[in-house]
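Open the model in your viewer and keep the selection tool at hand. This tour moves from stop to stop.

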Amino acid sequence: MKYVKLSHVNGLLEMPMVGLGTWRAQPEEMEKALWAALDAGYRHIDTAFNYNTEETIGKVLKQWFSQGKGKREDLFITTKLPNCANRACDVARFLQMSLKKLQTNYVDLYLIHMPFSFHLNETNFTPLTNEDGSFSLDYDSDLIATWQAMEQQVDQGLIKAIGLSNFSGEQIERIYTAARIKPSVLQIELHAYLQQNELRALCRKLGIAVTAYAPLGSPGANNHFNSKYNYSIHDFPDILGHPLVDQLAQKYNKTPGQVLLRHLIQQDIIVIPKSGNSERLKSNIDVFDFELSREDMEQLNGLDRGENGRIFDFLFFKGVEKHPEYPFKHRIDGW
Ligand SMILES: NC(=O)c1ccc[n+]([C@@H]2O[C@H](COP(=O)([O-])OP(=O)(O)OC[C@H]3O[C@@H](n4cnc5c(N)ncnc54)[C@H](OP(=O)(O)O)[C@@H]3O)[C@@H](O)[C@H]2O)c1
């Protein structure tokens with residue numbers, strides 16, 4: 001395993017370059033996948049308050065520790081503050097709920113999951129929706145105040161590093177400028193069709209490590225958008241099935257997934273592929289014994305579709321584009 005040394009933290013904190021994604025994993029799948037992942041050598045787990053996987057992760061890890069297979073400090077755990085709790089007064093209690101479910105007394109990385117904010121349904125800790133199905137936008141939330149509340153949790157020893165997810169360049173700079181503890185990590189959608197060169201350059205300048213979510217293009221996401229939000233993306237991309245990816249997989253005697261992950265890792269990008277399948281889990285972490293040539297890297301760089309490659313624009317949250325902190329305005333305005 002290779003690691004990225006995080007900046008803006010107290011002491012040394014190294015983030016394994018391959019982590020286990022857990023979005024959409026159902027409890028039984030999650031339990032089996034995490035055991036298989038730990039056996040395969042995964043030591044980095046990516047979850048979030050709203051994935052509903054924290055509880056299962058906590059349960060498996062408790063058993064893993066008690067069987068003497070590893071210690072808490074061997075692991076890197078990321079979780080996220082949900083978009084319905086994006087306010088200073090909610091940070092401590094939502095972090096506490098995550099820690100309790102994960103059965104740990106700290107997380108390695110805590111991210112603001114999304115820059116826009118919804119009102120909270122206190123009965124089930126989900127976003128409030130209006131009668132027409134649109135999401136109830138919270139215009140009063142203040143990202144800087146939320147960030148300062150996260151800094152206090154670092155001071156308390158409950159978080160090692162703090163970061164952002166799905167933020168635009170302008171939003172990252174705004175937080176960075178105001179922050180006492182600067183963001184260590186930015187987690188964004190990043191794959192061969194959406195290579196995020198501008199945001200990556202900004203992060204390099206600010207000493208922020210980049211994590212790629214949906215590194216394989218999130219096959220299956222469209223079904224989820226459809227069944228949960230009755231929303232679907234036309235011509236949903238099949239990056240794993242691109243002929244170049246297939247050709248390189250044959251050339252290096254690797255799988256298409258390994259080629260896509262290696263393309264990112266070779267550029268110092270952390271990846272968090274999700275799989276519930278033990279063979280795919282193993283292959284997704286087995287990406288350190290080959291190197292793509294400069295020419296092949298350039299060919300893969302050429303697959304970038306810029307904004308047209310984006311899958312996660314969050315428009316399945318009906319009305320979200322009206323929130324002043326919606327980060328992808330250019331998609332709506334047609335820039
Ligand atoms: N911050 C955010 O807003 C945000 C948004 C989305 C995701 N994330 C995080 O990023 C993680 C990864 O993103 P993602 O789950 O959307 O997409 P992904 O990792 O790109 O793709 C996961 C899908 O690919 C399949 N798969 C996994 N390995 C494969 C391989 N080697 N070959 C072929 N298919 C493979 C999986 O199916 P099987 O399970 O059947 O293998 C699953 O359906 C998430 O799980 C979550 O932790 C964060």
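Before the next stop, some ground rules. This is a predicted model, where local features need pLDDT of at least 70 and side-chain atom pairs count only at pLDDT 80 or more, while totals for chains, interfaces and linings use all residues. Residues are numbered from 1 along each chain as its sequence is written, and side-chain values use heavy atoms, with hydrogens and water left out.

**Stop 1**

Select Ser275: one of its polar side-chain atoms lies 2.6 Å from a ligand oxygen atom. Now pick Pro219. Here a backbone N or O atom lies 3.0 Å from an oxygen atom of the ligand. Taken alone, the ligand exposes 900 Å², and the protein buries 89% of that (Shrake-Rupley method, 1.4 Å probe; for residues, only the protein chains shown count as cover).

Next, show the whole shell. It holds 30 residues, and the closest are Asp46, Ser218, Ser275, Gly276 and Arg280. Colour the shell by type: 12 nonpolar, 12 polar and six charged. In this scheme Ala, Val, Leu, Ile, Met, Phe, Trp, Tyr, Cys and Pro are nonpolar, Asp, Glu, Lys and Arg are charged, and the others, Gly among them, are polar.

**Stop 1: the annotated span**

Select residues 19-304. An unreviewed UniProt entry annotates them as "domain: NADP-dependent oxidoreductase". UniProt positions follow the numbering used here, feature names are shortened, and annotations may be inferred rather than shown by experiment. The span is 42% helix and 14% strand, and its end C-alpha atoms lie 23 Å apart. Helices (H or I, at least four residues) and strands (E, at least two) are DSSP runs, numbered from the N terminus.

Now go to His113. The unreviewed UniProt entry marks His113 as "binding site". His113 is in the loop between strand 6 (107-112) and strand 7 (120-121). Is His113 buried or exposed? It is buried, with a relative accessible area of 6%. Buried means under 20%, exposed over 50%, and partly exposed in between (1.4 Å probe, protein chains only).

**Stop 2: salt bridges**

Side chains of opposite charge can pair when their charged atoms come close. The whole structure has 18 salt bridges, each a side-chain nitrogen of Lys or Arg within 4 Å of a carboxyl oxygen of Asp or Glu.

Select Glu31 and Lys59. Their side chains form a salt bridge at 3.0 Å, N to O. The pair links distant parts of the chain: Glu31 is in helix 1 (residues 27-40) and Lys59 in helix 2 (residues 54-66), 28 residues apart.

Move to Arg174 and Glu170, bridged at 2.9 Å, N to O. Both sit in helix 5 (residues 169-178), four residues apart, about one turn of the helix.

Finish with Lys254 and Asp289, whose side chains meet at 2.9 Å, N to O. Lys254 is buried at 17% relative accessible area, whereas Asp289 is exposed at 52%.

How values were computed: Near = heavy atom within 4 Å. Polar contact = N/O pair within 3.5 Å; in protein donor to acceptor, adjacent residues only side chain to side chain.
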